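Please open the model in a viewer and follow the stops below in order.

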Amino acid sequence: MLFLEQTLNALQLGLMLFLIAAGLTLVFGIMDLVNLAHGSFYMLGAYVAATVAAKSGSFAAAFLVALAAAAGVGMLVEWLLLRRVYGRGHLSQVLVTFALILIANETVRWIWGANPIDMGVPRSLAGSVALAPGLSYSEYRLAIIVAGLALAAALFWMVNCTRLGIWIRAGASNRDMARALGVDTSRLFTLVFGLGAALSAFAGAMLGPILSVQVGMGEAIIILAFVVVVIGGIGSVRGALLGSIVVAAVDTYGRAFLPSALGAFLPLDIATHLGPGLSQVSIFVLMAAILFFRPRGLMPATG
Amino acid sequence: MKLGATWWFGIVAVVLLVLLPPIASFTQQEFYIGVATRVLAYAIAVSSLNLVLGHGGMLSLAQGSLLGAGAYTTAILTVEATKDVTFLPGATSAWITWPAAMLVGALLGLAIASISLRTRAIFFLMITLAFNQMLYYLFFSMKVYGGDDGLGMAARSDLLPGLALENDTVFFYVALALFAIFTFVQHRLVHSRFGRVLEGIRINEPRMQALGFDTYRYKLVCFAIGGAGSGLAGALLVNKNLFVSPGLLDWLQSGTLLVMTILGGVGQLWGGLLGAAAYLVIEELLSAYTQRWQIGLGVALIAVTLYAPRGLGALFVPRRP
Amino acid sequence: MSPVLATTSLRKRFGGITATDDVSLDVAAHEVHALIGPNGAGKSTLIGQLAGTLRPDGGTILCNGLDVTHMPAHKRVAHGLARSYQITSTFRGLTVLDNLVLAVQATAGSSFRFWRPASAEASLYDRAREVAALVDLSAREDVLVDHLSHGEERQLEVGLALASRPRVLLLDEPMAGMGKEESARMLHLIERLRSSTTVLLVEHDMAAVFRLADRITVLVYGRVIASGKPDEIRRDREVREAYLGAAAS
């Protein structure tokens, strides 16, 4: 039972992580842009959604506004600033996006204050569902899983079945060739960046009620997203999904079961203290192990 | 060999720094001795990153964790020395804990680089970032050494009988001496055979391999040296504050070190000192104006990156054609 | 006499394309051996495997009797193998002399030396000047690579490979993009090399090939279709059909 519950938790985390990582890997694969500030859209989504939900009482409105805000800000930042660092190498990109993190965090602190804000679960989903005898699971968490699956399916459909998707895959696998074949790369870049920002914001808005909405929440999760991209391979949406599931599984099962597993041969207090730290570490160990055998990740977009 | 402007700058800077404590005491602004000490500690860390990035060509976000690991090493050894029942043999002498901090920094750097260097360049940055966080979580979860609350040191390390680091002026001069030595070592390193190979790798790595150089090994050693420098900076910082917390290892700290590096000038000999000083000056100036100084810092950083990417240190060196 | 370089049944595939198809060839000491073939024949792929930047899927490569098939590129230099690139690959921002000093450093003792300035090592600079003289760049020693003419940069390209005193020199289209005068100079350069080393030369310039080569191997679609003295190759019917045609002089 505990295992089933943890599996659902892993699925929930994995899908949300996928939404964040998908944007990151696409931006990296198509524009060769290292975007450290990707987590800021996650944070923006959570803050905007929380505020709109509190003011209007409607979660649907909250989501729409959050997505629009993130996409809008994202495309504006790309158009005004980021296009100037595309050819400049990763150092410049790291510095500029790091600066954006500083600006974003401080701006959020300015508008909303330094304390974490509260985002409640929508009343219609506040209950629990009995999935199996002895296992009742939060309705909201199930909603996250359903929404995540729907969005993942939509993303896959877009990437594999639409013209935009073809341009995206072409750009990811060979940028210069795509441009030579007539793809309007600057509009594509702006669109992709906006899309990534919106996906990130969606994850932030969905996770807002169950995690803490505070300044810096983006920085914590962006590391996991980077690990996902490294494991999954750059530019690959499929790789991002695989990587997200793997990372979420290791993290969730690790936190849940590692302390008791360690407790079998270590004193209990050490095991409980070491457990969560070790499960974090195990994600990175896993990343190192995968890289050892597959230096380009599990499913890189380029051959 | 860059003689002329760079040497003159160095001489002037060192002389000014040597004169700082007496001037500060005279004008009753002793506070600045502490600030300058902090600048010198960070200058060593930034010079280390400069070696890794500017000379080795490796963009790394792991230096913050190496600095933090050095700080923790010194703190842990010091704390263990005062306990009755110890887990590790402890020491309070700077002659043991500071080299230990450098060794830990070098070994961790070696470990991180040995994996990160095996992959494509684009992954390198992200992997150093991931390792940085791994170390952060490791220290975070070590409740026995403070965990989230951090670890305090009862007193500064013992240096020599009669030369107590408790005295801020003495500590300042020690930091200055270490910085000067480190800068001199860096200068020799850059112009040595090893430095030439690093330069060649930075310009054209595949050709270096075709010439017969095992480039992986050279980059590995460069990264380890950078780790040692960062560890030393950490030892100095924990002595200054008598406190270290996992927050010192957060990746945003690594980012800050990178910011200091670009401000000072990537690959410039005095880039470490200039960058650390510039950053801390900006921090002081802007935060006096407004609480929202980080926005100003962000804007300044973007401006520097786009319009003055060679940083302050490049003002002293003629443009390389 | 045993060959200084020999491949046996070398194979390399890229997805569905067989770039190197069961190639066996040998190069004798102090000869200039030319590798020719139409575009896409797999010449650069073969050079890549010989130099160590590509891994063969099958077969062996012997250098002075030592199996180097899976040896990484940087280790082969110590065993006497060196290559120059078809697309010039030098060190921009450094002078000709500094380029050569780097190359000399690779085989002049360990470069894990951290204290003594490299500029103080006279032996490195002496050897670098020797190599500069070998490739006719003595007058341009202190010029930045960025300011060299194309032909001069190609000369430096060969110089970088020569610095390690190789026993086998792999030259990948050394005359690429050169005019008449520059090509003639490069030709004389390669002729002079015969006494000190062995040369495996990939070239398209047929006049140069037939003038320089002691032996010629012809590669078509990854396979060796003929190998022998220039006259034999000139008369070989398969070669004429597949490649030479009107280009034969």
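The model on display is predicted.

**Stop 1: two helices of chain A**

Select residues 2-31 of chain A, helix H1, together with residues 237-263 of chain A, helix H10. The two axes lie 7 Å apart, and the helices pack at an angle of about 140°. H1(A) and H10(A) are therefore oblique to each other. The crossing of H1(A) past H10(A) is right-handed. Sorted by class, the residues in this contact comprise 16 nonpolar, eight polar and one charged.

**Stop 2: where chain A meets chain B**

Colour the model by chain. Two pairs of chains touch, and the pair with the most contacts is that of chains A and B. Chain A contributes 36 residues to this contact, and chain B contributes 36 residues. On chain A, helix H4 (90-112), helix H9 (217-232) and helix H11 (268-293) each supply at least two residues of the side that touches chain B. Which helix provides the largest share of that side of chain A? It is H4(A), with 15 residues. By class, the side of chain A that touches chain B holds 25 nonpolar, seven polar and four charged residues.

**Stop 3: a helix pair within chain B**

Next select residues 31-55 of chain B, helix H2, and residues 271-289 of chain B, helix H10. Their axes come within 7 Å and cross at roughly 130°. H2(B) is thus oblique to H10(B). H2(B) passes H10(B) in a right-handed crossing.

**Stop 4: a positive phi in chain B**

Centre the view on Leu242(B), a residue other than glycine with a positive phi, near 55°. Leu242(B) is found in the loop between helix H8 (215-241) and strand S2 (243-244) of chain B.

**Stop 5: where chain C meets chain B**

Select chains B and C. Their contact takes 27 residues from chain C and 23 residues from chain B. Helix H2 (73-78) and helix H3 (96-105) of chain C each supply at least two residues of the side of chain C that touches chain B. H2(C) gives the largest share of that side, four residues. The residues on this side of chain C divide into 15 nonpolar, eight polar and four charged. Chain A and chain C, by comparison, have no contact, and their closest C-alpha atoms lie 10 Å apart.

**Stop 6: the sheet of chain C**

Display chain C as a cartoon. An open sheet of six strands runs in the order S6-S7-S8-S3-S9-S10 (chain C), and its pairing is mixed. Strand S6 (81-84) and strand S10 (223-228) of chain C stand at the edges; each has a single partner strand, so one side of each is left without a neighbour in the sheet. From one strand to the next, the twist averages 15°.

Within the sheet, select strand S7 (residues 168-172) and strand S8 (residues 198-202) of chain C, which run parallel and are joined by five bridges. Val168(C) has Thr198(C) of S8(C) as its bridge partner.

**Stop 7: a positive phi in chain C**

Finally, select Asp136(C), in the loop between helix H4 (122-134) and helix H5 (150-162) of chain C. The phi of Asp136(C) is near 65°, a positive value in a residue other than glycine. Asp136(C) counts as partly exposed, with 18 C-beta neighbours inside 10 Å.

Key
Residues numbered from 1 in each chain as written. Chains lettered and ligands numbered in written order. Predicted model: local features only at pLDDT ≥ 70, side-chain atom pairs only at ≥ 80, totals over all residues. Pairing = 2+ DSSP bridges. Axes fitted to C-alpha atoms, helices over the stretch in contact; angles between N-to-C directions. Parallel < 35°, antiparallel > 145°, perpendicular 65-115°, else oblique. Left-handed = near helix turned anticlockwise from the far one by under 90°. Contact = placed C-beta atoms within 7 Å. Nonpolar A, V, L, I, M, F, W, Y, C, P; charged D, E, K, R; others polar. Buried ≥ 20, exposed ≤ 12 C-beta atoms within 10 Å, placed from the backbone.
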